[in-house]
Amino acid sequence: MSKYTISNSALNAFYSGCPARLEFFRRFSMKPRFMPKPLRFGIAVHDAIQKDLEGSVGEVRIIAERLLNLADKNGYQILATEIKHFAPLTDDIDVFGIIDVLALTSEGKPVIIDWKTGSYPWETTELASGELVTMKARGWQGAIYTLPPYKMPIEWKEWPEELHYLTAPTNGNAQIHKYYACEEDVENLRRAATMMKEAVDGGGLPKNIGYECRDCDWQKVCWQTPGWDKYYNVRPGAKEEDADADAT
């Protein structure tokens, strides 16, 4: 039985307000020069970190340095970078993602690190119970990355149960937001992934035409506007039934 593979990006496309975005996400990728500026900037920062700042300049270098300094200041020991993560979710669904960093904390605890850029700091919300939560840190990405993979990429006996988001906004202080694996989030991920798979299997990716089209990255290919093809690359081997790959 072939498995369906899902990623954080695919889930966000499907649940973005227009399910049809998933179809375009799986078949096309935007050419870098046409990507939204924040996405281009984030990719550039990731590249600068991966290349140890070689060739980076301007704001990209500044943000990359802030992230690396944040990691160094907090005593992380980086063990591996840019790791392809495959893990089982259900009998017929796998998860996939590209993990930025596998590391040890200053106490020797294994953790996953994800570099995050943006305009402003992540907000923390106080719940009625008095608990403080960072909602951005509770997305599907944390549940996906903390699922034990099919094969350990490095010699660890146990897969990390923590994902540390190291954030460096252009307007605000660099901060660390921590995600802790929990079964509630995994179950939520299972339900979301199963609903998406069932929709794809049944051909149920309707277009939410109207307001949602205004700022949609896939507007040109969806509406087949003149010259739409110059904005996108066709994903290698892309077919309707193909498993998607994470875009970032």
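Me: Which residues in helix 2 are buried?

Reply: The model is predicted, so local features need pLDDT of at least 70 and side-chain atom pairs count only at pLDDT 80 or more, while totals for chains, interfaces and linings use all residues. Residues are numbered from 1 along each chain as its sequence is written, and side-chain values use heavy atoms, with hydrogens and water left out. Buried means under 20% relative accessible area, exposed over 50% and partly exposed in between, with a 1.4 Å probe and protein chains only; helices (H or I, at least four residues) and strands (E, at least two) are DSSP runs, numbered from the N terminus. On these terms, the buried residues in helix 2 are Ala-20, Arg-21, Leu-22, Glu-23, Phe-24, Phe-25 and Arg-26.

Me: How many cavities of 30 Å³ or more does the structure hold, and which residues are closest to the centre of the largest cavity?

Reply: A cavity is found on a 1 Å grid over the protein atoms alone, as a set of points where a 1.4 Å probe fits but cannot get out, and its lining residues have an atom within 4 Å of a point. Grid points are joined across faces, edges and corners, and a volume is the space filled by probe spheres set on the points. The structure holds 2 cavities of 30 Å³ or more, and about 100 Å³ of space lies in the largest cavity. Of the 14 residues that line the largest cavity, the closest to its centre are Cys-18, Arg-21, Cys-213, Cys-216 and Cys-222.

Me: Which elements give two or more residues to the lining of the largest cavity, and what is that lining by class?

Reply: Helix 2 and helix 7 are the elements that give two or more residues to this lining. For the classes, Ala, Val, Leu, Ile, Met, Phe, Trp, Tyr, Cys and Pro count as nonpolar, Asp, Glu, Lys and Arg as charged, and the others, Gly among them, as polar. Counted in this way, the lining of the largest cavity has 9 nonpolar, 2 polar and 3 charged residues.

Me: What volume does the second largest cavity have, and which residues line it?

Reply: The volume of the second largest cavity is about 40 Å³. Strand 5 (110-118) and strand 8 (162-169) each supply at least two residues of its lining, which by class has 5 nonpolar, 3 polar and 1 charged residues. The lining residues are Lys-116, Thr-117, Gly-118, Tyr-120, Pro-121, Trp-122, Thr-167, Ala-168 and Pro-169.

Me: Is Ile-63 buried or exposed, and which residues does Ile-63 touch?

Reply: Ile-63 lies in helix 4, and at 0% relative accessibility Ile-63 counts as buried. Contact means heavy atoms within 4.5 Å. Not counting residues up to four places away in sequence, Ile-63 touches Phe-41, Val-45, Thr-117, Ala-168, Pro-169 and Thr-170.

Me: Where does Ile-99 lie, and with which residues is Ile-99 in contact?

Reply: Ile-99 lies in strand 4 (residues 93-104) and is buried, with a relative accessible area of 0%. Ile-99 and Asp-114 are 15 residues apart in sequence and 6.9 Å apart in space, C-alpha to C-alpha. Leaving aside neighbours within four places in sequence, Ile-99 is in contact with Thr-81, Glu-82, Ile-83, His-85, Ile-112, Tyr-145 and Trp-159.

Me: What is the phi of Glu-82, and what is the phi of Leu-53?

Reply: Most residues other than glycine have a negative phi. Glu-82, in strand 3 (residues 77-90), is partly exposed with a relative accessible area of 39%, whereas Leu-53 is buried at 13% and sits in the loop between helix 3 (37-50) and helix 4 (58-73). Phi has a positive value in each of these residues, near 50° for Glu-82 and near 70° for Leu-53.

Methods. 1 Å grid on protein atoms, 1.4 Å probe; cavity = no way out; pocket = protein on both sides within 12 Å on 5 of 7 lines; lining within 4 Å.
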